[in-house]
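The sequence and structure are shown first.

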Amino acid sequence: MSAIKIAENVHWVGVKDPDLRLFDIVVETKHGTTYNAYLIKGKNSAALIDTVKAGFTDEYLANLREIMPIEEIEYLIVNHTESDHSGAIVPLLEINPKLKLVCSAPALPFVQNTVNNPEVDITGIKNDHEIDLGGKKLIFKMMPYMHWPDTMMEYLEEDKILFPCDGFAGHYSFESIWADECNHDIDWEVEYYYKSIMRTYAMYIRKNMPKLDDLDIKIIAPSHGPLFRKNPERHLNSYREWSADKTVGKNQVCLFYTTSYGNTKRLADSLSSHLTAAGYEVVMLDCANLDEDYAKDMIEQSKALLYGTPTFNGDAVKPVWDAIMLLQGLSIMGKKAAVFGSYGWGGEGIKLVAERLTGLRLKVFEENYRARLVPSGEEMTGLKVWSERIAEFIA
Ligand SMILES: Cc1cc2nc3c(=O)[nH]c(=O)nc-3n(C[C@H](O)[C@H](O)[C@H](O)COP(=O)(O)O)c2cc1C
Ligand SMILES: [Fe+2]
Ligand SMILES: [Fe+2]
């Protein structure tokens with residue numbers, strides 16, 4: 001694949017990886033992916049945006065050489081340091097040791113740890129920093145945690161192109177680089193990418209998105225998959241919508257539980273009716289029978305997450321752990337949580353779940369509620385008192 005012109009003196013110089021079937025260990029890539037990089041030539045200087053994954057270096061260097069000698073490129077812009085885009089930094093520096101690396105201030109130590117060479121010129125920049133290449137001005141936008149702490153984007157003023165790093169990307173490799181030349185549903189791929197990589201940072205994305213509000217964007221040129229030149233605004237709107245705070249206007253609580261003989265379910269049912277009486281909308285979900293997409297939506301909409309587990313063999317049961325694993329891909333920091341369950345002797349599962357939720361940075365109610373085997377009348381009264389405290393805790 002050769003370099004492709006996307007605007008006057010602006011070229012796609014990336015590579016395609018159509019055979020990749022799994023990205024970052026867990027993300028399915030049925031149609032492969034691309035590692036996009038861009039070369040911008042101004043009247044006075046040239047800047048390269050990103051490199052590619054190691055293993056694709058030769059093809060990438062050949063693409064660059066089609067446009068200009070690598071030794072004459074002044075800047076390498078590192079939008080973020082993940083290895084799928086930073087794999088060819090060192091080979092580039094071997095060819096052009098004078099290359100000036102430009103990254104976000106938080107990326108500085110990451111880039112230093114990638115090049116491991118104190119001689120290299122690396123600058124960490126702040127929001128709204130500008131580089132004028134001569135008739136080609138880049139304006140930088142810091143977008144922390146979209147999806148790494150180091151993430152930044154840039155806008156090429158004259159050509160109205162946004163280079164948004166992994167934002168608005170989709171894993172998809174095909175003959176062209178333009179989304180409008182593809183028969184496949186690329187918007188679905190962009191949504192899948194958001195859900196598998198970005199969703200967990202929704203809180204940061206909604207904070208960062210306003211930095212793009214005043215830009216007149218004609219082309220979105222992300223770091224993976226096709227580029228968008230027809231109605232690119234729709235992808236910005238999708239990100240705004242997907243990352244919005246879904247708890248607003250709701251008073252919802254998600255109650256996860258599972259049960260073998262009905263004991264934990266009795267506690268869950270009672271807790272649910274107490275919280276409903278206190279004015280909460282309770283969504284009860286049996287962990288052993290979860291529709292994961294629905295459960296994720298419910299978690300996002302809920303201000304608190306309650307988990308009921310029996311203890312089996314000194315631990316919580318697998319369906320409950322699997323339900324907790326769903327939290328990994330969601331923006332849950334600061335949500336409230338509480339744990340309860342039925343047990344026979346040690347009741348360790350309840351404590352282990354509370355510890356795990358604390359580790360995931362949920363605000364876990366200090367006291368768990370346990371009832372032994374079949375809950376007694378006294379234990380059910382104790383649960384009512386605990387429910388009232390939970391209702392206050394999550395208010
Ligand atoms: C296979 C098995 C292993 C168990 N292991 C433990 C255990 O290690 N510690 C404990 O406190 N209770 C243990 N129990 C007791 C259960 O936690 C108890 O029966 C509980 O009431 C089950 O609640 P459920 O009806 O909601 O499933 C075990 C029960 C079973 C069936
Ligand atoms: Fe990334
Ligand atoms: Fe990436």
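## Pockets and strands

The second largest pocket takes at least three of its lining residues from each of domain 1 (4–243) and domain 2 (252–393); the domain bounds come from an automatic or database domain assignment. This is a predicted model, in which local features need pLDDT of at least 70 and side-chain atom pairs count only at pLDDT 80 or more, while totals for chains, interfaces and linings use all residues. Residues are numbered from 1 along each chain as its sequence is written, chains are lettered from A and ligands numbered from 1 in the order in which they are written, and side-chain values use heavy atoms, with hydrogens and water left out.

A pocket is an open set of points on a 1 Å grid over the protein atoms alone where a 1.4 Å probe fits, with protein on both sides within 12 Å along at least five of seven lines; lining residues have an atom within 4 Å of a point. Grid points are joined across faces, edges and corners, and a volume is the space filled by probe spheres set on the points.

| Pocket | Volume | Lining residues by class |
|---|---|---|
| Largest | about 760 Å³ | eight nonpolar, five polar, eight charged |

The largest pocket has a volume of about 760 Å³. It is lined by 21 residues, and V26, K195, S196, K296 and G329 are the closest to its centre. Helix 5 (186–198), helix 9 (292–301) and helix 10 (318–325) are the elements that give two or more residues to this lining; helix 5 gives the most, with four. Helices (H or I, at least four residues) and strands (E, at least two) are DSSP runs, numbered from the N terminus. The largest pocket lies between domain 1 (4–243) and domain 2 (252–393), because both give residues to its lining.

Of the 14 residues that line the second largest pocket, T200, Y201, L330, M333 and R361 lie nearest its centre.

Strand 17 (residues 252–257) runs parallel to strand 18 (residues 281–286), joined by six bridges; two strands pair if DSSP finds at least two bridges between them. Q252 is opposite E281 in strand 18.

An open sheet of mixed pairing has five strands in the order 12-13-14-15-16. Strand 12 (130–132) and strand 16 (219–220) are its edge strands, each pairing on one side only.

Key
Nonpolar A, V, L, I, M, F, W, Y, C, P; charged D, E, K, R; others polar.
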